[in-house]
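Student: Could we go through this one together? I'd like to know what stands behind the words we use for it.

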Amino acid sequence: MFTLIFMLKTFVYKNRSLLLPCKANNGASFIMTFREAEQYLFDTTPLFQQRGKSAYKPGLGNSVKFDQHFGRPHLSYKTIHIGGTNGKGSVAHTLAAILQAQGYRVGLFTSPHLVTFRERIRVNGEMISEERVIRFVEEERQFFESLHPSFFELTTALAFKYFEECFVDVAVVEVGLGGRLDCTNIISPILTIITNIGFDHTDLLGDTLPKIAREKAGIFKQGVPAVVGESNADTADVFQATARLVNAPLFYAQHEGVLNYAEVRPRENRYETADYGNFSGQLTGQLQVRNARTILTALRHLSLPVSAEAVQRGFAEVCQMTGLQGRWQVVSKSPETVCDTAHNIHSWQVLAPRLAEEVSKHTTHIIFGMAADKDVEAVLDILPAEAHYYFTQASVRRAMPATDLAEKASAKGLQGKAYPDVSSAYNAAMEAAEANDFIFIGGSSFVVADFLTLH
């Protein structure tokens, strides 16, 4: 039956111009340009990416109203729900790539975006069209303005409706923040995943690991398999108790035995797996080994069949298939230049040793900025002292001023100058670097976003 439905939906999608297209209707005229529509979304609604805590609107009230207004679109396709502190984006994109490789029509909803709002909503790797974003704003603003929604509430509603219009078979949905009160938590998934629990957004989710775990485990659903990538003594009891409440089968990736061997290489990770053979992963680093274990466990308990060939291709071509950026992304070879979106202490505890390894081999230039609401001091404590630093700030309100960051870093033995923006910091690093040097850009997703905008 599933095969028949899948074939029918594929036919309908390929002939969607006969029914309801993903893009705007032919001949449609708009009052707004895309830039105006995008700016309207940024300016009219509280954007967490810019404002932080003041933009966070916990609760599902508006999400339910949007869902009812659009006819509960998420019920027309299967969903996979992914939460956690770090690794959500890599896991979501890789799962989407695997499902695409299997032949499914796949929606992918992630955040934040790096260069354009359209990155957040994709179908088989293709970003939502500019025309569809414009049409959403122009046709629906009369409805939603009275609700005073957050930016993320609007974005989620658009994504769920768009996936229905595109006749997706399955949507991979990344939680925005937390889980229990996140506006994505209206869906009825076939699988839930929590990658890990670390200290982030403690002012919103709680100041202990059990409190944070309790919020993130709020995505567990009645009878739906739940996969946890990493847990410890502080969080395991919370996951087990929450799973029992909703009768959700619970699986820990650490105990599943899905990964026989992993090797981290400069250009790829190598995996020997229990279920899908041996293959390379395009995403590199130790954190991606943990993500791979989570993904392979999820596939083991996913009700959608996938082949070894699809898994291998999804791991090997995830960036090309889904548009993923910012995960130890090599953007230049001479000098070698890498950017990474690690932005909190949990992710930097994994990334810092890798950066230190580069420092031991090359003269290293680090363009670094952070959001002011992160644990900046803890991250500075583990950065390599031998590098040349270019402290900067991203073009968002949440960015810590570069001068303040440089002062904090200097107190910890990290020497460098402050630059008012990412562009000037990068230009200074490029002027100082030799061909065999190494340049790193990171500390914040927003710093990487500003850098990628330059390219």
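**Words and their cut-offs**

Tutor: Start with contacts: among those in the protein chain between residues at least 6 apart in sequence, 74% join residues at least 24 apart. Contact here means heavy atoms within 4.5 Å.

Student: What should I know about the model itself?

Tutor: It's a predicted model, where local features need pLDDT of at least 70, side-chain atom pairs count only at pLDDT 80 or more, and totals for chains, interfaces and linings use all residues. Residues are numbered from 1 along each chain as its sequence is written, and side-chain values use heavy atoms, with hydrogens and water left out.

Student: What is the mean pLDDT of the protein chain?

Tutor: pLDDT is the predictor's confidence in each residue, from 0 to 100. The mean for the protein chain is 89, and 89% of its residues reach 70 or more. Over residues 12-21, though, pLDDT stays under 50, and residues 23-27 also stay under 50.

Student: Why do the buried residues of α4 line one face of the helix?

Tutor: Helices are DSSP runs of H or I with at least four residues, strands are runs of E with at least two, and both are numbered from the N terminus. Buried means under 20% relative accessible area, exposed over 50%, partly exposed in between (1.4 Å probe, protein chains only). In α4 (residues 61-69), Asn62, Ser63, Phe66 and Asp67 are buried. Seen down the axis of α4, the buried residues fall within an arc of 140 degrees, so they line one face. That arc is taken from the directions from the helix axis to the C-beta atoms. Their cover includes α6 (130-144) and α7 (151-165).

Student: What makes β12 and β16 stand at the edges of their sheet?

Tutor: Two strands pair if DSSP finds at least two bridges between them. The open sheet of 6 strands runs β12-β13-β17-β14-β15-β16, with mixed pairing. β12 (329-333) and β16 (416-418) each have a single partner strand, so one side of each is left without a neighbour in the sheet.

Student: In what sense do β15 and β16 pair?

Tutor: Parallel: β15 (residues 388-391) and β16 share 3 bridges, against a cut-off of at least two. Tyr390 stands opposite Lys417 in β16. Helix α16 (residues 402-411) packs on the sheet, touching β14, β15 and β16.

Methods: Axes are lines fitted to C-alpha atoms, for helices over the stretch in contact, and angles run from 0 to 180 degrees between N-to-C directions.
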